[in-house]
Amino acid sequence: MSKETKFKPSASFVKQSAFPSLARYKSMHRESVKNPKKFWDRLAKEELDWFAEPKKVLEWKEPFSKWFGGGKLNVSFNCLDRHLQSGRRHKAAIIFEGEPGDIRVLTYQQLHDEVCRLANALKGEGVKPGDRVMIYLPMIPEAAIAMLACARIGAVHSVVFGGFSAESLKDRILDCGAKLVITSDGGYRRGQVVGLKQNVDQAVASCPEVRRVIVLKRTGHIEKLNEVDRWWHDLVKDQPADCPPEKLDSEHPLFILYTSGSTGKPKGILHTTGGYLLGAHLTTKWVFDLKKTDLFWCTADVGWVTGHSYVVYGALSNGTTTLMYEGAPNQPEPDRFWSIIERHRVTVFYTAPTAIRAFIRWGDHWVKKHDLSSLRLLGSVGEPINPEAWLWYHRVIGGGRCPIVDTWWQTETGSHMITTLPGAHMMKPGSAGLPFFGVDVAVVDDQGKELKPGTQGKLVIRKPWPSMLRTIHGDPERYAKQYWSEVPGTYFTGDGARMDKDGYFWVIGRMDDVLNVSGHRLGTAEVESALVTHPAVAEAAVVGRPDDLKGQAVVAFVTLKSGQKAGSELVAALREQVSKEIGPIAKPDQIRFAEALPKTRSGKIMRRLLKEVAAGGAVKGDVTTLEDLNVIAALQSSSGEES
Ligand code: WTA
């Protein structure tokens with residue numbers, strides 16, 4: 001596909017959009033970057049409700065930022081109470097569909113009451129502002145209720161995706177020092193009950209600080225609780241439906257969300273109150289060009305940042321109706337998403353390229369069975385979208401009528417950074433588009449020099465922005481080193497990109513040892529350390545291999561301790577080991593046994609070489625005989641390919 005293929009939103013879409021012209025976007029963007037303090041100050045005051053108005057927009061001591069100093073607010077007040085005074089009081093806040101087909105609707109008033117009851121119960125358990133609370137729940141309204149209840153009393157939540165193992169949950173509980181865990185007796189996924197509670201039991205056994213586990217009844221398959229456990233319904237039953245929101249400093253921590261980096265274990269990304277909410281709120285409002293009548297469906301799990309910013313905070317602070325679906329896209333059949341859109345009349349649909357590629361594979365006939373005429377806007381997030389998938393999404397799901405916003409951002413950025421602004425921008429399939437307001441992004445070389453359009457380099461952000469991460473929980477040095485040392489004076493995203501002559505950004509993918517598997521971030525170092533915990537393994541090196549469906553597949557090269565035998569049994573055991581240590585999402589797609597790993601003279605594993613070997617495609621399935629990679633390494637190093 002030529003880079004110049006452009007799509008224009010329809011005239012009627014443009015006419016109704018908040019930003020109907022490129023010129024308007026350009027002048028506003030120019031202004032926002034030239035004078036960010038003025039820009040953000042105005043919007044913070046216009047868009048959010050404050051108990052005390054901010055006095056100092058930004059305090060910047062690179063790499064640490066403080067936004068809206070002197071300001072006091074509460075995220076749950078902004079997401080709930082302020083709508084009760086408006087005409088939205090009895091509007092649906094959450095429309096939920098469970099995998100078995102159960103449907104629940106919570107109005108803003110009802111959501112407020114549930115949040116208050118749980119907030120009061122948390123207080124009753126001794127939770128104080130600043131305390132960390134772990135949330136390990138399925139995609140059910142209680143996940144949002146738990147997050148908002150924490151926000152209401154100033155507790156810091158850390159949501160762990162239900163697909164992570166007991167071991168991962170334990171690491172996160174210990175790292176953030178949580179004393180309370182909120183979970184359920186399970187959830188439904190692919191027709192099965194996912195046993196979240198067993199994982200919590202196992203994790204909590206090694207976390208002596210945890211003094212309470214709150215258990216929501218979802219599936220009803222657990223009869224008896226442990227001593228530390230209490231049923232959610234018992235704790236909230238006598239609580240008042242009113243709990244005054246804490247008046248919190250703008251920089252009060254809101255949540256810690258763990259994400260993979262290039263080294264070691266996942267890091268706790270810390271987001272705070274005012275700046276984060278402003279970023280999530282404004283991008284939801286403008287990028288999805290929200291209307292009063294929208295039903296907004298972001299398919300991400302709340303365990304990921306997309307679920308935080310777009311299922312919960314951004315959607316609710318705008319008073320829109322957000323749809324939550326608990327289960328798999330192909331349960332009971334591959335048309336589940338389309339039947340949900342038809343049944344509830346979803347208007348804005350936001351999903352990931354990996355899902356779109358799966359839908360393409362399952363076939364258009366599943367889509368054709370449904371009336372998707374309620375849709376007016378589509379979104380993509382998580383990885384670069386290949387133009388073929390973009391075109392299919394546009395034509396088959398969007399009926400050629402719905403603009404697509406391709407949103408580039410990260411757990412660390414809190415909200416969209418580069419994105420199509422529908423109405424104002426032409427769309428170029430495969431490009432995330434132009435920078436959002438106040439965002440100063442550039443493609444630079446190793447010295448930080450801006451590169452000419454068309455040249456690939458490092459994607460950096462040159463100015464602080466309100467929803468940026470504040471630090472890595474408990475490790476400010478690592479925060480400074482990881483993000484602010486690679487290209488001096490700028491935030492390095494870890495991504496490679498190029499900008500074209502129209503200023504559109506084309507993100508190529510990660511430049512570090514982070515994989516993007518089905519839109520999920522995975523550190524190669526994490527998978528490697530999971531593999532070497534197996535007694536048979538001497539060394540492991542993990543690389544990504546291009547994959548048509550998942551974007552990247554995980555390939556592990558493994559050397560064994562003497563006397564250990566390579567074979568399919570060991571392959572199965574190693575995959576299981578990774579699942580146990582991290583979670584099923586990290587299971588290697590291929591495990592290859594080697595005599596030795598190719599290394600440079602200084603002893604560094606030659607990852608670039610392994611990537612090439614992995615992508616070679618010559619070997620299908622798991623390789624259960626020993627490969628002599630040193631032969632290839634010797635060939636490569638003799639031709640000067642050491643890296
Ligand atoms: C990738 C997910 C291209 C990118 C919101 C980034 C994308 C990482 C896009 C962050 C996009 C996300 N186009 N690449 N529209 N969106 N990425 O923290 O490599 O889970 O650095 O946040 O996903 O992943 P994270």
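**Backbone labels and their reasons**

Modeller: This is a predicted model, and we can start with proline 63, which lies in the loop between strand S1 (56–61) and strand S2 (64–69).

Biologist: What makes the peptide bond from glutamate 62 to proline 63 cis or trans?

Modeller: Its omega is near 0°, and the bond is cis. Most peptide bonds are trans.

Biologist: How do you know which kind of peptide bond joins glutamine 331 and proline 332?

Modeller: Omega is about 0° there, and the bond is cis; proline 332 lies in the loop between strand S17 (321–325) and helix H12 (336–344).

Biologist: What is the phi of aspartate 289, and where is this residue found?

Modeller: Phi of aspartate 289 is near 45°, a positive value in a residue other than glycine, and aspartate 289 is found in the loop between helix H10 (274–287) and strand S16 (295–298). Most residues other than glycine have a negative phi.

Biologist: Why is aspartate 289 called buried?

Modeller: Buried means under 20% relative accessible area, and aspartate 289 has a relative accessibility of 2%, so aspartate 289 counts as buried.

Biologist: Is arginine 345 buried or exposed, and why?

Modeller: Exposed means over 50% relative accessible area; arginine 345 has 55%, and therefore arginine 345 is exposed. Arginine 345 is found in the loop between H12 and strand S18 (348–351), and its phi, near 60°, is a positive value in a residue other than glycine.

Definitions and conventions:
Residues are numbered from 1 along each chain as its sequence is written. This is a predicted model: local features need pLDDT of at least 70, side-chain atom pairs count only at pLDDT 80 or more; totals for chains, interfaces and linings use all residues. Side-chain values use heavy atoms; hydrogens and water are left out. Helices (H or I, at least four residues) and strands (E, at least two) are DSSP runs, numbered from the N terminus. Buried means under 20% relative accessible area, exposed over 50%, partly exposed in between (1.4 Å probe, protein chains only).
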